[in-house]
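Hello,

Here is the structure I promised to hand over. Please have it open while you read; my notes follow below.

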Amino acid sequence: ANAKPNRVLWADTHNLLTRDPHKAVRIMRATANKSRRCKAPVYHFVISWTPEEAVSPEAMRAIVEDTCRDMGLADHQRIAIAHDDTRHKHVHVVVNRIHHETGTAWNRAQDWVRLEQSLARQAKARGLRYVPGRHNAPDDFRDKPKRTKDAELQRARRKGIKQPATQRHSQRPAAER
């Protein structure tokens, strides 16, 4: 509803022969075809800031660069597209998992851990707000379960309905579950 006509604040490419995002996509696709085994050659993540944070385009670019380095993607082809058409500035980062020289695929194992820790470290270093997570603030999450297996409880959480303790999965008898 509040989208601007020109949604892109800036766009960058890395390890590509062009700065044009449309041409970069074709180059990345050709590189991805080097690997016949990798079924998902594209890795996408978004970095966003709160509406109160005035992050410059240069700082956004530096954060993208540092994040990719921390994740082991510094040498991979990527396109970064920043938007300021919503309440919060954000950058979409699309990385080719297939390395353009070696043809090997980047391993996504523990990607969320590396991403969360990198962004927390950078936010603290730059004086920005960060979201505490299981991997960058483990003490805050020590007593919280990783994931509930009770569909009713998950549905209640999504809808914001408080469940009585007797309805929780861990407290119901096994026969009832």
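Accessible areas here come from the Shrake-Rupley method with a 1.4 Å probe, and for residues only the protein chains shown count as cover. By that method the protein exposes about 11700 Å². Carbon and sulfur atoms supply 51% of that area.

Two notes on the source. This is a predicted model, so local features need pLDDT of at least 70 and side-chain atom pairs count only at pLDDT 80 or more, while totals for chains, interfaces and linings use all residues. Residues are numbered from 1 along each chain as its sequence is written, and side-chain values use heavy atoms, with hydrogens and water left out.

**Overall layout**

The protein has four helices and four strands. Helices (H or I, at least four residues) and strands (E, at least two) are DSSP runs, numbered from the N terminus. From that end, the order is β-α-β-α-β-β-α-α. The protein has 177 residues, and 36% of them count as buried. Buried means under 20% relative accessible area, exposed over 50%, and partly exposed in between (1.4 Å probe, protein chains only).

Contact means heavy atoms within 4.5 Å. Take the contacts between residues at least 6 apart in sequence: 61% of them join residues at least 24 apart.

**Helices α2 and α3**

Look at α2 (residues 57-70) and α3 (residues 111-126). Their axes come within 9 Å and cross at roughly 140°. The axes are lines fitted to C-alpha atoms over the stretch in contact, and angles run from 0 to 180 degrees between N-to-C directions. α2 and α3 are therefore oblique to each other (under 35 degrees is roughly parallel, over 145 roughly antiparallel, 65 to 115 roughly perpendicular, the rest oblique).

On the α2 side, the contact is made by Ala 62, Ile 63, Asp 66, Thr 67, Arg 69 and Asp 70. α3 brings Arg 114, Leu 115, Ser 118, Leu 119, Arg 121, Gln 122 and Arg 126. By class, that gives four nonpolar, three polar and six charged residues. Ala, Val, Leu, Ile, Met, Phe, Trp, Tyr, Cys and Pro count as nonpolar, Asp, Glu, Lys and Arg as charged, and the others, Gly among them, as polar.

**Two backbone points**

Most residues other than glycine have a negative phi. Asn 15 has a positive phi, near 60°. Asn 15 is in the loop between β1 (8-14) and α1 (21-32). At 32% relative accessibility, Asn 15 counts as partly exposed.

Gln 110 also has a positive phi near 60°. Gln 110 lies in the loop between β4 (90-96) and α3. Its relative accessibility is 56%, so Gln 110 counts as exposed.

Best wishes
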